[in-house]
Amino acid sequence: MRVVKDYYVTIERTVTDNAIIFDYHHYHNNYYYYNLSAFAEMQTRTQAPSPLEQFSILPLIPMNIGNLYFSFTNSSLFMLLTLSLVLLLIHFVTKKGGGNLVPNAWQSLVELIYDFVLNLVNEQIGGLSGNVKQKFFPCILVTFTFLLFCNLQGMIPYSFTVTSHFLITLGLSFSIFIGITIVGFQRNGLHFLSFLLPAGVPLPLAPFLVLLELISYCFRALSLGIRLFANMMAGHSLVKILSGFAWTMLCMNDLLYFIGDLGPLFIVLALTGLELGVAILQAYVFTILICIYLNDAINLH
């Protein structure tokens, strides 16, 4: 009987000790979890927002068809707003049968854009008559106007910069590049392939030069999209970083910080003006490169 009693006492002590150990680990695990949660919450409160948050694509109307994603996002919304703004501007300017004899400010803006792109097409595309050039003019005018308004509306606070996304600029550049290639084949036939082989090249070097020219020709579309995306994204990120730095110094409630804040504040104002110029310049660079590539495809330069 004593052996049985000692056996049950041993079991009772073992169960009690295990319960104490379990409670000890359970307490410390909860304590650790609580401290970890508090630390993460403190980091969330004190961590500065990333300057790349302004480029986040957010679904406004989620739409999924199987594995395909067709959601209407903030990027789609601002592209639609930009297109609507351009169409409304042209409609109000031309709704009276071609505008007023004495143009107002909006009509002068539309005429300025129209004349600018028309002169660009006439100067950069050679070897064609004026009537043939007019066939390419609407596409180039729409591309320039769309990019210009997309870049400018991205300067408005709390808006979205459509051209700061690589897929959008790459899709635009590749679609235009494919169209230019089709025009080159329509105008020159298979002779368009001579564009890849310069005249007077020795025959042993011909395969290497054709490969290099083909890579260079294909990289035109890639560089066209990357240039626009990189300039817009870098400029907006820099303005965001310096604006956050200036605002942090302004909220320090210290006279020295307030005086020292004037330097970053003036830099932010200067960079905003510079970014406004970059927005206009990038639309111009994208358009003039389209004209140059179209001229090369037509005249095999």
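Where pLDDT is low, the predicted coordinates should not be read in detail. The chain as a whole averages a pLDDT of 77, and 77% of the residues score at least 70.

**Annotated segments**

- An unreviewed UniProt entry carries the annotation "transmembrane region" for residues 68–93, 135–154, 166–185, 205–226, 238–259 and 265–294.
- Residues 68–93 are 77% helix and 15% strand in the model. The end C-alpha atoms of this segment lie 41 Å apart.
- Residues 166–185 are 100% helix and 0% strand. Here the end C-alpha atoms are 28 Å apart.

**Packing of H6 on H9**

- Helix H6 (residues 166–188) packs against helix H9 (residues 262–299) at an angle of about 25°, with the axes 8 Å apart.
- Angles under 35 degrees count as roughly parallel, so H6 is roughly parallel to H9.
- The crossing of these two helices, H6 and H9, is right-handed.
- H6 contributes Leu172, Ser173, Ile176, Ile180, Val183, Gly184, Arg187 and Asn188 to the contact.
- H9 supplies Phe286, Ile290, Tyr293, Leu294, Ala297 and Ile298.
- By class, the H6 contact with H9 comprises 10 nonpolar, three polar and one charged residues.

**Packing of H7 on H9**

- Helix H7 (residues 206–250) also pairs with H9; their axes come within 10 Å and cross at roughly 175°.
- H7 and H9 are therefore roughly antiparallel to each other.
- The contact of H7 with H9 has 21 nonpolar, seven polar and four charged residues.

How values were computed
Residues are numbered from 1 along each chain as its sequence is written. This is a predicted model: local features need pLDDT of at least 70, side-chain atom pairs count only at pLDDT 80 or more; totals for chains, interfaces and linings use all residues. Side-chain values use heavy atoms; hydrogens and water are left out. Axes are lines fitted to C-alpha atoms, for helices over the stretch in contact, and angles run from 0 to 180 degrees between N-to-C directions. Helices (H or I, at least four residues) and strands (E, at least two) are DSSP runs, numbered from the N terminus. Angles under 35 degrees count as roughly parallel, over 145 as roughly antiparallel, 65 to 115 as roughly perpendicular and the rest as oblique. A crossing is left-handed if the near helix is turned anticlockwise from the far one by less than a right angle, and right-handed if clockwise. Contact means heavy atoms within 4.5 Å. Ala, Val, Leu, Ile, Met, Phe, Trp, Tyr, Cys and Pro count as nonpolar, Asp, Glu, Lys and Arg as charged, and the others, Gly among them, as polar. pLDDT is the predictor's confidence in each residue, from 0 to 100. UniProt positions are given in the numbering used here, feature names are shortened, and annotations may be inferred rather than shown by experiment.
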